[in-house]
Amino acid sequence: MMQHFNKRHPLQLTILALLLIWPAQALVAQDPQQPPQTTDSAAPVSTRPQYVIGSGDVLAINVWKEAELTRTVLVRPDGRISLPLIGEVQAAGRTTDQVQAEILNKLSSFISHPQVNVIVQEIKSRTFNVVGKVIKPGEYDLIRPMNVLDGVALAGGFTEFAKKSKIYVLRKGPDGRTIMLPFNYKKVIKGESLNQNVPLKPGDTIVVP
């Protein structure tokens, strides 16, 4: 019976042999113990601009498997931080990736294949204050472009007896002296004196008498 089948159906035998071989090949190609291969081109690319570190910010430095090097540091007024083994590192004016790269490079002289991660734990260099007769006076992060009107709104608006035409912004000038910038809320919301609605800068204080 089998001899009769072989003589009359050679094509069927070839197909049968391929079907018997194929599952084994498929199992090898899909070995569950092997992680899927990825390429750099498939990795997502971030287009978001990175935050630029400033003096007063708090950085979390994590060095994998090196507990004595893992710590939280404050960026000093001179813009630098200090770390064991490597000493001073410039942080202000740079992104976390740039600081991380320098730390990694310096640690390579002491540790084999170091792994470093740097994140901004607290933003203290880009803040402004709102004081006086507002609902929520206090310090606010300036992590996006804002003007005086935005700052007042962030503070919850005015209390009952606020002098809305007498508001001013205290700002430190290039020479270190404090200057006063007037802000007449009543005129600005009417579309007048819009030049008074200046962009806020780190360190500004909005005063609402």
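The legends below describe close-up views of one predicted model. Residues are numbered from 1 along each chain as its sequence is written, and side-chain values use heavy atoms, with hydrogens and water left out. Because this is a predicted model, local features need pLDDT of at least 70 and side-chain atom pairs count only at pLDDT 80 or more, while totals for chains, interfaces and linings use all residues.

**Figure 1. Confidence along the protein chain.** The mean pLDDT (the predictor's confidence in each residue, from 0 to 100) of the protein chain is 82, and 77% of its residues reach 70 or more. Helices (H or I, at least four residues) and strands (E, at least two) are DSSP runs, numbered from the N terminus. Confidence is lowest in helix α1 (residues 2–8), with a mean of 47, and highest in strand β10 (residues 205–208), at 98. The pLDDT is below 50 over residues 1–8, a stretch that has 3 contacts in the model beyond near neighbours in sequence; contact means heavy atoms within 4.5 Å. Where pLDDT is low, the predicted coordinates should not be read in detail.

**Figure 2. An open sheet of 3 strands.** The strand order is β2-β1-β5, with antiparallel pairing; two strands pair if DSSP finds at least two bridges between them. β2 (71–74) and β5 (116–122) stand at the edges, and each has a single partner strand, so one side of each is left without a neighbour in the sheet. The twist averages 25° from one strand to the next. Strands of a sheet pair through backbone hydrogen bonds, either parallel or antiparallel.

**Figure 3. Strand β1 and its partners.** β1 (residues 58–63) pairs with β5 over 6 bridges in the antiparallel sense. Asn62 has Asn117 of β5 as its bridge partner, and Val63 stands opposite Val116 in β5. With β2, β1 forms 4 bridges, also in the antiparallel sense; here the partner of Val58 is Leu74. Of the 6 residues of β1, 5 are buried (buried means under 20% relative accessible area, exposed over 50%, partly exposed in between, with a 1.4 Å probe and protein chains only). Helix α3 packs on the sheet and touches β1 and β5, its direction making about 140° with that of β5; axes are lines fitted to C-alpha atoms, for helices over the stretch in contact, and angles run from 0 to 180 degrees between N-to-C directions.

**Figure 4. An aromatic pair.** Phe158 and Tyr185 form an edge-to-face pair, 4.7 Å centre to centre with 75° between the planes. Rings of Phe, Tyr and Trp (its six-membered ring) pair if their centres lie within 6.5 Å; planes under 30 degrees apart count as stacked, over 60 as edge-to-face and the rest as tilted. Phe158 lies in the loop between α4 (148–154) and β8 (167–172), and Tyr185 lies in helix α5 (residues 185–188), 27 residues apart. Both residues are buried.

**Figure 5. The largest nonpolar core.** This core has 21 residues, and Phe128, Phe158 and Ile206 have the most contacts inside it. A nonpolar core is a set of buried Ala, Val, Leu, Ile, Met, Phe, Trp, Tyr and Cys residues joined through side-chain atoms within 4.5 Å. Another core, of 19 residues, lies apart from it and includes Ile53, Val63, Leu69 and Val116.
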